[in-house]
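Here are some notes for a colleague who is opening this entry for the first time. Please keep the sequence and the structure in view while reading.

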Amino acid sequence: MILFEVFLGGVLLGGMYGLIALGLNLQYGVARILNLSYGEFFMGGAFTAFFVIMLWQFNPLLSLFISMPIAFAMNWLIYQYLMIPLIRRASDQDALDADVVLVTFGLLFVFQGLALVNWSGDLRGYSFMSSPVHLLGATVALNRLLAFLGACALAFALFLVLRYTRFGTALRAITIDPVAASLVGVDVRRFSALAFAAGGALAAASGMLVSTFISFSSTIGVEYTLKALIVVIMAGVGRVTGTLAAGLLLGVVESLGGYLVDPSLTIAINFGLFILILLLRPTGLFTRA
Amino acid sequence: MDRRTFVKGSAAVVGAATLPTTYAQAQAAPAKLRFGYAITQSGPLGPGADSTVVSQYKLWAKRVNDAGGIMLKKFNKKVPVELVAYDDQGKPDELLKLTDRLVQQDKVDMILSPYATHMNLASAPIINKYGYPVIMTTSTTAKTYELGSKFPFAFWNISQPKESTEPMSKVLGELKKQGKIKGRCAVVHPAVEYGVEMTAAFVDAAKKDGLEVVFNKSYPFGAADLQPLIREAMATNPDAFLAFSYPPDTFMVTEQAQIVGFNPQFMYVAIGGVFPGYKGKFGNKVNGILVYGGIDPTVPGMDEYNKAHMAMFNRPSEAGAVNVYSALEVTQQAIETVGEIDRKKIRDVIATGTFKTLWGELKYVNQLNANPWAVGQWQNGEVVGIFPANKQGAKPLLFPKPAWA
C-alpha cells in the first residue's frame, strides 16, 4: 500500500517536473531560444501568488490573471528587442546559442537582483489546499494534486493548439524547419515571439502552482531552470506531451528509487536516468528519428 | 597697536599655547570606528546571510549611530561606526583575500563574522593571525571544541551539535522513565555536514539516555518530495520525530507531516524553524514544534529592538538574527570597557567578561558561548527558549505537542 502511495507521489512529482518544463520547451523548441532566465518567471509567478494570498487574502489561483499576462508581455518584449538583434547578426545556430546563453544569463541576474532588492532573500511559503486527499487508499496533498492536474490540463491544451489550429501548425512547422516554414508563408518572427511569450506565461503559471507546496525565495529561479532543462532534453526539444511524459518518468523513478533503494540517492538516480537517456537516445525520448 | 588687537593677539597666543594638549587628544580620538566584514552576498547562501547577518550589522550600526556612537572613554568621546562590506561569493579563498584587504588596505578597526559554518571556520585562522577578535555567529560543528585554544581571537556564539541535541535526549529519557512515552525516536536529516553531525550527536546522547532510535535516514539537500520518507518514519511509530533539517526542507517536512497525519508527541525541526515565514505559512500549527536556537522574548530592550527592526526591514526578526545582534552588543560593550581600540585588550574582555544582551546574559568559556540558547519551541505563536533549562527566561517544555488541527 505504501508502495502505491510512493508511486502516486512520484506521479505527482513528475507532473510538477513536466509542468515546469512545458514553457521552456516552447521557448527552446519553437523559438529556439535557450532562455536561462526562464526560472525567474517561475519565481515571479510564485511571488505573485504569495502576495495575492498573504497581502490581499485572495485565492492565489487568481494571481494567474496578473502574473501570466505580465510574464507573457515581458517575454514578448525580450524576444522582440533582445533576441531579434541577436538572431539577425548570428551566422548560424551555434553562434546564436552562444549569444543567447550569455544574454539570458545576464537577464537572470537582472531579474534576480531586482527581486532581491524588492522582496529580500527571505524564504517564503504559504498554505493553500494543503489538506490530504485519499486516492485508492493512498494519501496525497491536495495542492500537489492540483499542480499535477494543472500540468495535465496545460499540456493537453497545448497539444490541442499545436495539433488542431492553424497557429499550432505554423509553430510545428517552425519547430521542424524555420527556413522552410518561412518559405511557405509562415511569419516566423511573429509566431516565434508568441511562442516565446507563451512559454514565459507558462513559467509563471507553473511557479504559481508549485508555490502552493514548495517554499521559495528570490534566488530560486536558477534551480528550476536547470530542472526544466533536464526534462526538456530528456523529452526531446519541441515535444509537448513528451515533456509531461519525461517529467512523469523522472518523478516516478525518483520516488520509487528513493523508497526502494535509499532516499539519499534520489539525485544520483535522477542524473543516472538522465545520462542513460542521453547515451541511448541523444535527441530525446520522444523525438522521431 | 590698539587695545583691542592686543587682547585678540594675546588671546591667540594663549590659545595657541594651550592648544597642543587638547588638539592632540582630539586628534587621537578616531573620527569613526570602521567595522569590516566580507560576507556572502551572491550565490545560494546570499539570501540567508543577508536576512540573518547583514541586516543585523546595518541595524546595529544605525542604532549605535542614532545614539551618538560607541563611547571611547580614553577620549571621553562618542565615536560613530561605519561598515565596510565585501562579497566573498561563498568562497573561502575569496573570504581570505578580502579579510587581508580589510586589514592591510582598509585598516578597519574591527572585523565582523562571515556567514555559514565553513566560512566561519575559514575565517578563524586569519583573524587570529592579525589579532582581530571576532565573534563567529553562524558556525555549528563538532570541531568547534578544539578551536578555542588554537585561535584565541575567535569566539563561537551559537549552540554546537552536542549541546543542541543532548537536552532533548535527556528530557525524552525522563519522559520514558515516567512512562509517558516508549522512547522511540525517528530521525531524518539532509546529507550535509550539519545534518550528519547533529544526528550523530543525538544518536549518541539517545543511547546514553536509554532511548531507541528506530529510524535514521538521510535525504539529499533540496529534495522535492519527502512524503515517502515521512511515511516510513511514521510507520515505525515513534514518540519523537526529529528533522535536523535546512530551511527549505524544514518547511517541507512540516507540511508533509500534516498531509499524512503524522502526529508525533515530540517534534523538532532545525534551521529555518524560527523564521517568521515558518509561522507565516503554518499559522497556529507551529505551536509545540521544537526548533534550533531560541530567545527570551521578555529580555529588556527586546521591544525597542523589534520596533527598530520592523521599521528598517518591514519584517520581524528571528532567533538567529538576535544571536548575531548579541555578538555586536558584546563587541560594543567590550570596546567601551577598554575605552579605545586595543584589540588584544578587547579580546581579553570578551574572553573573561559577562555581557547583558538581547540574547540573554553571555559569557565565553574557552571562547565558546558558555550557555547559548540551544532549543526553542513555538508557544502561543512565538519562539521561546526551552533549553538550556537553567538559562534565565527558559520556559517549560510544552509536551505533548498539540496534534495538527
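1. Start with one residue pair in chain B. Arg34(B) stands opposite Glu82(B), a residue of strand S4(B). Keep in mind throughout that this is a predicted model. The pair belongs to the parallel pairing of strand S1 (residues 33-39) of chain B with S4(B), which runs over 7 bridges.

2. Now widen the view to the sheet. How many strands does the open sheet with the order S4-S1-S5 (chain B) have? It has 3 strands, and the pairing is parallel. Strand S4 (81-87) and strand S5 (110-111) of chain B are at the edges; each has a single partner strand, so one side of each has no neighbour in the sheet.

3. Chain B also has an antiparallel pair. Strand S13 (residues 354-357) and strand S14 (residues 360-365) of chain B pair over 4 bridges. The hairpin between S13(B) and S14(B) passes through 2 residues. Look for Phe355(B), which stands opposite Leu362(B) in S14(B).

4. Turn to chain A. Its elements are 11 helices and 2 strands. Read from the N terminus, their order is α-α-α-α-β-β-α-α-α-α-α-α-α. The radius of gyration of chain A is 19 Å, close to the 19 Å given by the globule rule for 289 residues, so chain A is as compact as a globular protein of that length.

5. Along the principal axes, its C-alpha atoms fill a box of roughly 55 × 45 × 35 Å. Of its 289 residues, 53% count as buried. Take the contacts between residues at least 6 apart in sequence: 77% of them join residues at least 24 apart.

6. The two strands of chain A deserve a look. Strand S1 (residues 132-135) and strand S2 (residues 138-141) of chain A are antiparallel and share 4 bridges. Val133(A) has Val140(A) in S2(A) as its bridge partner. There are 2 residues between the strands of this hairpin, and Leu136(A) takes a positive phi near 50°.

7. Next, helix H2 (residues 38-54) of chain A. Its 17 residues should span 24 Å at 1.5 Å a residue, and its end C-alpha atoms are 25 Å apart, which agrees. Of those 17 residues, 15 are buried, so H2(A) is largely enclosed by the rest of the structure.

8. Compare helix H11 (residues 266-280) of chain A. It has 15 residues and reaches 21 Å from first C-alpha to last, close to the 21 Å expected. Which residues of H11(A) are buried? They are Thr266(A), Ile269(A), Asn270(A) and Ile277(A). Viewed down the axis of H11(A), these fall within an arc of 105°, so they line one face of the helix. Their cover includes helix H9 (221-235) and helix H10 (240-260) of chain A. The face turned away from the buried side carries Phe271(A), Ile275(A) and Leu279(A), which are exposed.

9. Finally, the contact between the chains. It takes 33 residues from chain B and 30 residues from chain A. On the side of chain B that touches chain A, at least two residues each come from helix H2 (46-66), strand S9 (212-219), helix H8 (227-235), helix H9 (247-259) and helix H10 (276-282) of chain B. H9(B) gives the largest share, 6 residues. By type, this side of chain B divides into 16 nonpolar, 10 polar and 7 charged residues.

Key
Residues numbered from 1 in each chain as written. Chains lettered and ligands numbered in written order. Predicted model: local features only at pLDDT ≥ 70, side-chain atom pairs only at ≥ 80, totals over all residues. Contact = placed C-beta atoms within 7 Å. Nonpolar A, V, L, I, M, F, W, Y, C, P; charged D, E, K, R; others polar. Expected span 1.5 Å × (residues − 1). Buried ≥ 20, exposed ≤ 12 C-beta atoms within 10 Å, placed from the backbone. Arc of directions from axis to C-beta. Rg over C-alpha atoms; globule rule 2.2 N^0.38 Å. Pairing = 2+ DSSP bridges.
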